[in-house]
Amino acid sequence: MSQRHLPSPAEGTAARLSAVVTGRAIAVAAVRAASPGGLRFTERQLYYETCRVLSPGSALLRRFPGTPAPVLRLPAFTRALDARGRETVPGLLPPPAAPSARPLAGAGAPSEPDLYDYGLPRLLLCQDRAVAGMLLANHVHLEAACPVLAVTDALPLDPRLLAALERAGGAVVHVLHDASPAGVALPAAVRAALGPVPGVRVVSLGLVPRHAAALRLPTGRGPEPGPAGLAGRPAALRPREADWLASGRFAEVAAVPPARLVRTVLRLTRGPRPPRDTLWNGLRGLRGTGFMTWPAA
């Protein structure tokens, strides 16, 4: 019968020191994740931000594309967060609630019967339910005038929501997904689930492997998906990216810094901003309408 291994005093001291360092890194990471303006963030986002705190040299390597491995193992982070207490971390969101059967119907549906009579120009579907909750908690759906739903909760779409997309004319369904075999195949799966809806486009917001490399996102490695797992990948995927996915590599949307994720989603869902109200734009507007043109009474 083999004797159970007991940690030596040196090992115990190293473990305690590691827990202290990780706990302090979590505190710094929480401040960074909430900046600017007190953003809310998920536990997974806090984990990746903690990895960036523990890897200060990563900031110097941002100009060099790459997908480094996380410097902190997830179980070690979880233990340190449990020891600290999740309720003591300002801005940390609770785990997402269990999915409802119909998020847009039944008891949770709006009571106004004419709500679906209007056109809906855009909709955002997220692969990760926690990321969808984070975007909602930071009011992205209000700033972008775009409903935010998790794919697993939203599909199949409520027929009234589908009709509102079709009624808008040129509506866009944005899909935010991980750089993983399941993620890159998700836009095509959403398109198939919507069916033949005239005038509604399905657009991927990413991630894809080249995004992960450009942002130097920490990546994980899982089992190789095999040919069947890569069958739904988009044709625009580069051969190097396909090889990256075939090796089992993946990068999560949660690895994108929260502030950058919010800015990017707002920019891509709202589209180009209108020109700023400057003197030069005003003169060009006068030239276009005619200097002596008066507004109607």
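Modeller: Asn138 is buried, with a relative accessible area of 9%, where buried means under 20% relative accessible area, exposed means over 50% and partly exposed lies in between, with a 1.4 Å probe and protein chains only. This is a predicted model, in which local features need pLDDT of at least 70 and side-chain atom pairs count only at pLDDT 80 or more, while totals for chains, interfaces and linings use all residues. Residues are numbered from 1 along each chain as its sequence is written, and side-chain values use heavy atoms, with hydrogens and water left out.

Asn138 sits in the loop between α4 (129-137) and α5 (140-143); helices (H or I, at least four residues) and strands (E, at least two) are DSSP runs, numbered from the N terminus. The side chain of Asn138 reaches the backbone nitrogen of Arg40 at 2.9 Å, and a polar contact of this kind is a pair of N or O atoms within 3.5 Å, where within protein one must be able to donate a hydrogen and the other to accept it, and residues adjacent in sequence count only if both atoms are side-chain atoms. If neighbours within four places in sequence are left aside, Asn138 is in contact with Leu39, Arg40 and Glu143, contact meaning heavy atoms within 4.5 Å.

His139 is also found in the loop between α4 and α5, and its phi is positive, at about 65°, although His139 is not a glycine. With a relative accessible area of 46%, His139 is partly exposed, whereas Asn138 is buried. A further positive phi, near 50°, belongs to Ala145, again a residue other than glycine; Ala145 lies in the loop between α5 and β2 (148-150) and counts as partly exposed at 45% relative accessibility.

How far can this region be trusted by the predictor's own score? pLDDT is the predictor's confidence in each residue, from 0 to 100, and in the protein chain it is highest in α4, at 97, and lowest in helix α14 (residues 279-289), at a mean of 44. The mean pLDDT of the protein chain is 81, and 75% of its residues reach 70 or more. Two stretches call for caution: over residues 103-113 pLDDT stays under 50, and the model has 14 contacts for them beyond four places in sequence, while over residues 282-297 pLDDT again stays under 50, with one such contact in the model.

Moving on to the helices, α2 (residues 43-53) and α3 have axes that come within 11 Å and cross at roughly 110°, where axes are lines fitted to C-alpha atoms, for helices over the stretch in contact, and angles run from 0 to 180 degrees between N-to-C directions. The two helices are therefore roughly perpendicular to each other, since angles of 65 to 115 degrees count as roughly perpendicular, under 35 as roughly parallel, over 145 as roughly antiparallel and the rest as oblique. Where they meet, Glu43, Arg44, Leu46, Tyr47 and Thr50 in α2 face Leu74, Phe77, Thr78 and Leu81 in α3.

In helix α3 (residues 74-84), Phe77, Ala80 and Leu81 are buried. These three cover an arc of only 100° around the axis, which puts them on the same side of α3, the arc being that of the directions from the helix axis to the C-beta atoms. On the other side of α3, Arg79 and Ala83 are exposed, and the helix is followed by Gly85, whose phi is positive, near 100°.

Two cis peptide bonds can be found in loops. One joins Ser35 and Pro36, with omega about -5°, and Pro36 lies in the loop between α1 (9-34) and α2. Another runs from Leu155 to Pro156, with omega near -5°, and Pro156 lies in the loop between α6 (151-154) and α7 (159-168).

To set all this in the whole, the protein chain has 14 helices and six strands, and buried residues make up 37% of its 297 residues. Among contacts with a separation of 6 or more, 78% come from residues 24 or more positions apart.
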